Every structure is written in structure tokens, then in C-alpha cells.
Amino acid sequence: MKTFLGIAGTVLVIAAAYFGMYRGWRNRQARQSELAPLPEVPVQTSGDKTRGVEGVYVATTSAGDWMDRIAVHELGVRSTADLAVSEAGLIFHRQGAADVFIPADHLTAVRTDRGIAGKVTAEKSGLVVVTWSHDGKELDTGFRPRRKADTAPLTESIATLIGAEQS
């Protein structure tokens, strides 16, 4: 009988924790519901499909607050992705979640960093973090390239794109 009560108690505690996390996520989505829909991903023909850098789309947060994850529009969903850089902007082709398009004229900065909500790396420059504006709000989006050697070229290509837009 003691074993049954112990197991039942443990199951109840785990269920309560999951329910609390679910409610917290739903409340976050409700607080952020006023954020406008994301820009449409440009239609690409088979000839201009750009293959990007493979990695992980980590999350989007409020700029400067690496723990304030954006929950609406699937921006808080971590997923395997590739990041394509083009003159139009950045496209995160995500598996299991909607693609995210950041127009070039919305980009304001790029840097490497150690962490963002959902991922902290051992190395100081493990993530590429892009700062951009959307609907009057500054956002940071984190991406972890699969290969460390891709980090510097990716950061440079995004910085070049930002520089070209600001000229």
C-alpha cells in the first residue's frame, strides 16, 4: 500500500508540474498575442531555392532579455533548421514548425553569444544571434550552426546584409 501511495503521489506531482508549465506557456502566449503576424516567407521557385547553413533554430526572445522567450507565432519552438541568407533577408527553414522569414530591412544587428532561452553553450561564440525589429518590438533570434566552422562566415554574411541595407 505504501508503494502505491508513493507512486500515486509522484505521478500527481509530475502531472501538477506539467500542468503548471502548460498554463505558464498559455499565459505567455496570451500576454504576447498583440504581436503582429510574421512577414510571409517569399515564394521560391525550384531554381532559386537557397540551401542554408544547417543547425538548430533555438528561440526568439525580447532583445536584450535572453530569457524572455516569445511564445506566439511559433517563435519559441526549438527545431532543427537551416538558415539561408539572401538579399531579401533571412529564412529559417524549420522542421516541425513554420518557417521564419526576417526581411533584410528589419535586421539591426548580429553577434555571437553563449546563450539564449533554451540553449546555453560552453563556448562564448556558440550561437549566432540576430537582432531585428517587428511590429515596433526589438527581438533576438538564436541559431546554433551544426558545424563550428560555419559560425564566422554566417555572422559575416548577415553583417554584410545589414550593412548593405543601411547604406
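1. Let me start with charge: the protein carries 19 positive and 19 negative side chains, and the centres of the two sets are 13 Å apart. Lys and Arg count as positive and Asp and Glu as negative, with His and the chain ends not counted; each charge is placed at NZ of Lys, CZ of Arg, CG of Asp or CD of Glu.

2. A word on the basis: this is a predicted model, in which local features need pLDDT of at least 70 and side-chain atom pairs count only at pLDDT 80 or more, while totals for chains, interfaces and linings use all residues. Residues are numbered from 1 along each chain as its sequence is written, and side-chain values use heavy atoms, with hydrogens and water left out.

3. On the fold, there are two helices and nine strands, in the order α-β-β-β-β-β-β-β-β-β-α from the N terminus. These are DSSP runs (helices H or I, at least four residues; strands E, at least two), numbered from the N terminus. The C-alpha atoms fill a box of roughly 70 × 35 × 35 Å along the principal axes.

4. As for burial, 38% of the 167 residues are buried, meaning under 20% relative accessible area with a 1.4 Å probe, protein chains only.

5. Where does threonine 131 sit? Threonine 131 belongs to strand E8, residues 127-134, and is buried at a relative accessible area of 11%. Beyond its neighbours within four places in sequence, its contacts (heavy atoms within 4.5 Å) include Ala63, His106, Arg111 and Asp140.

How values were computed:
Buried < 20%, exposed > 50% of the residue type's maximum accessible area, 1.4 Å probe, protein only.
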